[in-house]
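We will go stop by stop.

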Amino acid sequence: MAYIPIHYLNNMDEQKRIAEELGAGKVLDAITFGDGHINDTFKITTPEEVFILQKINTEIFKDVDGMMDNICRVTEHLRNKGKRAFKVIGHKSSWRLLSFIENTYSVYVLSNPAQAETAARAFAVFQNDLVDLPGPRLVETITDFHNTPFRFRQLEDAIASDNKNRAKDVKAEIDFIYKHKESASKIVDLMNEGKIPERITHNDTKINNVMLDNDTNEAITVVDLDTVMPGSSLYDFGDMVRTATASAEEDEANLDIVYSKKEYFAALAKGYLSEAKFLNQYEIDNLAFSGWLITYEQAIRFLADYINGDVYYKTNYPDHNLVRTRNQITMAQSIEEQMDEYNEIVRKEIKNG
Ligand code: GN1
Ligand code: MG
């Protein structure tokens, strides 16, 4: 069945009423917006202004107050530094109203390496800007979010329960994940050994979370701050590699056209390293690996959700999570095949930077 935007099914009275309650003023129009996999997003129009209204998925984000507190602290800190960041206009239970970042766009599949360089620089600047965020430690909005061994155990649990009797159909995918089990804990181990430091990171650096200027194509700000929390800079670089070097969207079903593009990786490395001067040698040495790991982790997460019966990610058709899993496995393989070259790119960038 084709995906039908919610505003065709619903007159949006609830969304309009809540936006007004949260401070939008008289609302003229509400439509669905974006395609996040977790929260519901709406674009709200009033005679004067445009806003973003979101219904937070509280099954996934259990501590909404903690999350909103993180977001308010982070966005205020950025604004105090003269940076652009959306404003939280109001929030109540699972709803929040945010200012709209005017005159910007975002992309799902990049069309030139310059966009990758710009985006990577934007996420590095973001991390840099948060180095001096006054305490206390940010709340972990989802615990063990990028703990890959934990994600591996969640997959094992899904296979053990096999509620939908789907495990038998995904043997090859399960085999791929199990084959690489040894690599799953590399970053977590380095963090536990104190070699990779905890930093404030974005944790969802999907390339469409960078807002680019309609006229200049410069990065204006990064959005989707729900998972800004303590993490590793490698999670952020890794998710950029997963999304910004991809030749196609993460749910492209034709695997013949899915691969990781080397020139986009080079552009990411250049943009990121131009600003991320805080990285230590362990982080630098694992930049390329992090791209593989986060892609592998994403394959684990999609596969576990498929086996569990599609309870976490929104899906538009029955096998959507399986298509995503296969796509991410293909991306991980493509990154793995180019690992030596990707490492060499990082080494050269460090030498010349
Ligand atoms: C989810 O909803 P969205 O698209 O911002 C997910 C990310 C995944 C991403 C995969 C809280 O993000 O971790 O990388 O889907 N967010 C959460 O597309 O799980
Ligand atoms: Mg997100």
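Which residue in β8 does Tyr105 stand opposite? Select Tyr105 and you will find Leu212 across from it. This is a predicted model, where local features need pLDDT of at least 70, side-chain atom pairs count only at pLDDT 80 or more, and totals for chains, interfaces and linings use all residues. Residues are numbered from 1 along each chain as its sequence is written, chains are lettered from A and ligands numbered from 1 in the order in which they are written, and side-chain values use heavy atoms, leaving out hydrogens and water.

Now show the open three-stranded sheet, ordered β6-β8-β9 with antiparallel pairing (strands are DSSP runs of E, at least two residues, and helices of H or I, at least four, numbered from the N terminus; pairing takes at least two DSSP bridges). The edge strands, β6 (104-105) and β9, each pair on one side only. Two bridges join β6 to β8.

Next, select the magnesium ion (ligand 2): Asp204 (OD) and Asp224 (OD) coordinate it at 1.8 to 2.0 Å (donors are N, O and S atoms within 2.8 Å of the metal, or 3.2 Å for Na, K and Ca; water is not among the atoms, so sites may look incomplete). Asp204 lies in the loop between β7 (199-201) and β8 (210-213), and Asp224 in the loop between β9 (219-222) and β10 (229-231), 20 residues apart. Asp204 is buried at 18% relative accessible area, while Asp224 is partly exposed at 28% (buried is under 20%, exposed over 50%, partly exposed in between, with a 1.4 Å probe and protein chains only).

Finally, go to Arg324 in helix α12 (residues 320-337).
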